[in-house]
Amino acid sequence: MKNLPPHPIKGAEISWFAPLCDGDDDFLGHRNPDYKSSWDNTSNIVKTADALGFQNVLCPSSYQVGQDTLSFVAGMAPLTQQINLLAAIRCGEVHPPMLARTIATLDHMLEGRLTINIISSDLPGTQLSSPERYARSREVIEILKQAWTQDRIDFKGHYYQLDLPTGPVKPYQQNGGPLLYFGGYSPNGVDLCAEHCDVYLMWPETEEKLQGLMDNMTQKAAGYNRTVQFGLRVHVIVRETEEEARAYADSLLSKLDLDLGTDIRNRAQDAASLGVARQSQLREEADEKYYVEPNLWTGIGLARSGCGAAIVGNPDQVVAKLERYMEMGIRSFILSGYPHQQECELFAKHVLPRIKTVSLPSIFGRMPKTTPNSPLGNGPRT
């Protein structure tokens with residue numbers, strides 16, 4: 001089977017979230033300028049996550065309200081020490097050979113601490129059907145892989161026709177370049193991930209539904225003679241007692257106008273996606289306090305698009321929930337909370353020391369043993 005790590009993964013990649021897209025607040029749906037997405041605010045969150053021992057940090061992409069992802073990642077390279085950065089890229093936004101060069105440059109700047117989140121949503125101001133978007137993404141990924149692993153890009157597709165040398169675009173990481181993370185629920189998206197990506201990211205669901213998604217992906221990947229690792233993007237609220245955690249969850253909604261929350265959800269480019277629809281359905285299945293199963297709270301989805309649920313509880317409960325997910329086979333967690341700096345520190349205090357953490361690029365053998373054969377090579381990461 002292709003794409004297997006050299007040894008079974010013991011532990012999990014515990015990641016935090018960089019709110020590049022103006023998604024940080026002290027109360028949901030209540031715009032506090034102190035938490036506006038800015039270089040100062042967001043870079044401080046990433047530096048905190050780095051210092052506290054998180055293994056990765058998702059840097060999302062959004063045109064309407066966001067800082068530029070790749071520029072931000074470049075700026076963070078000299079300001080961080082050990083944390084990987086998971087940079088979201090919208091396929092088709094940058095000409096693939098230039099994107100390959102940009103990613104390779106970032107990978108050298110970070111000395112192999114770069115991972116990539118593949119996004120197939122519409123580009124700002126354009127609209128394609130789901131099959132068209134995923135077909136374009138497939139071509140982009142295939143070009144990136146050729147650029148990183150072959151002497152030439154030799155590609156003849158519907159969107160791109162290329163014949164180029166690949167000397168300028170070799171990444172720091174060997175054996176395939178940066179790991180590719182992917183989230184999507186449509187059949188076209190699942191097939192793309194099964195064929196080309198390394199980590200399948202899911203949004204919160206009941207454990208039964210998560211297992212169904214994982215079983216389907218495992219079967220699809222096996223059809224390509226591959227395996228795919230699993231990740232979960234979920235919010236978290238941890239306090240010393242369950243009562244405190246649930247009270248804090250309630251307080252996040254205390255200033256929310258539900259009509260405003262609907263507007264916030266609908267403004268996102270992915271508002272009509274299958275994944276967002278599944279989050280809405282999850283919330284509809286919850287009880288009157290928005291809990292859909294023990295310690296899984298769907299209230300956050302009232303005021304944001306995308307990931308709409310949080311693990312809520314005391315340290316023992318949060319650890320137990322994460323360990324349950326790990327027993328199911330999930331090996332990557334992308335966590336966040338409101339406000340992000342505060343919740344990052346609380347999770348690191350109460351939970352992070354109790355979880356064995358791993359760096360997935362190292363597990364997959366992507367880190368070079370010697371200086372890469374590239375003008376950008378800086379030697380192996382230690």
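**Close-up 1. Helices α3 and α4 are oblique to each other.** In this predicted model, the axes of helix α3, which covers residues 96-109, and helix α4, which covers residues 130-149, come within 9 Å and cross at roughly 55°. The crossing of α3 and α4 is right-handed. On the side of α3 the contact is made by Pro96, Leu99, Ala100 and Ile103, while α4 contributes Val140, Ile143, Leu144, Ala147 and Trp148. Sorted by class, the contact of α3 with α4 holds nine nonpolar residues, with no polar and no charged ones.

**Close-up 2. Helices α5 and α6 pack at an angle of about 55°.** Helix α5 spans residues 187-196 and helix α6 spans residues 207-223, and the axes of the two are 8 Å apart. The angle makes α5 oblique to α6, and α5 passes α6 in a right-handed crossing. Val190, Cys193 and Ala194 of α5 make the contact together with Asn216, Met217, Lys220 and Ala221 of α6. The residues of the contact of α5 with α6 divide into five nonpolar, one polar and one charged.

**Close-up 3. Strand β8 pairs with strand β7 in the parallel sense.** Strand β7, made of residues 180-182, and β8 are joined over two bridges, and the bridge partner of Tyr181 in β8 is Val199. In a regular strand the side chains alternate between the two faces of the sheet. Within β8, which runs over residues 199-202, Val199 and Leu201 point one way, whereas Tyr200 and Met202 point the other way. All four of these residues, Val199, Tyr200, Leu201 and Met202, are buried.

Close-up 4. When neighbours within four places in sequence are left aside, Glu242 is in contact with Asn295, Gly313, Asn314 and Gln317. Glu242 and Asp316 are 74 residues apart along the chain, and their C-alpha atoms are separated by 9.5 Å.

Key
Residues are numbered from 1 along each chain as its sequence is written. This is a predicted model: local features need pLDDT of at least 70, side-chain atom pairs count only at pLDDT 80 or more; totals for chains, interfaces and linings use all residues. Side-chain values use heavy atoms; hydrogens and water are left out. Axes are lines fitted to C-alpha atoms, for helices over the stretch in contact, and angles run from 0 to 180 degrees between N-to-C directions. Helices (H or I, at least four residues) and strands (E, at least two) are DSSP runs, numbered from the N terminus. Angles under 35 degrees count as roughly parallel, over 145 as roughly antiparallel, 65 to 115 as roughly perpendicular and the rest as oblique. A crossing is left-handed if the near helix is turned anticlockwise from the far one by less than a right angle, and right-handed if clockwise. Contact means heavy atoms within 4.5 Å. Ala, Val, Leu, Ile, Met, Phe, Trp, Tyr, Cys and Pro count as nonpolar, Asp, Glu, Lys and Arg as charged, and the others, Gly among them, as polar. Buried means under 20% relative accessible area, exposed over 50%, partly exposed in between (1.4 Å probe, protein chains only). Two strands pair if DSSP finds at least two bridges between them.
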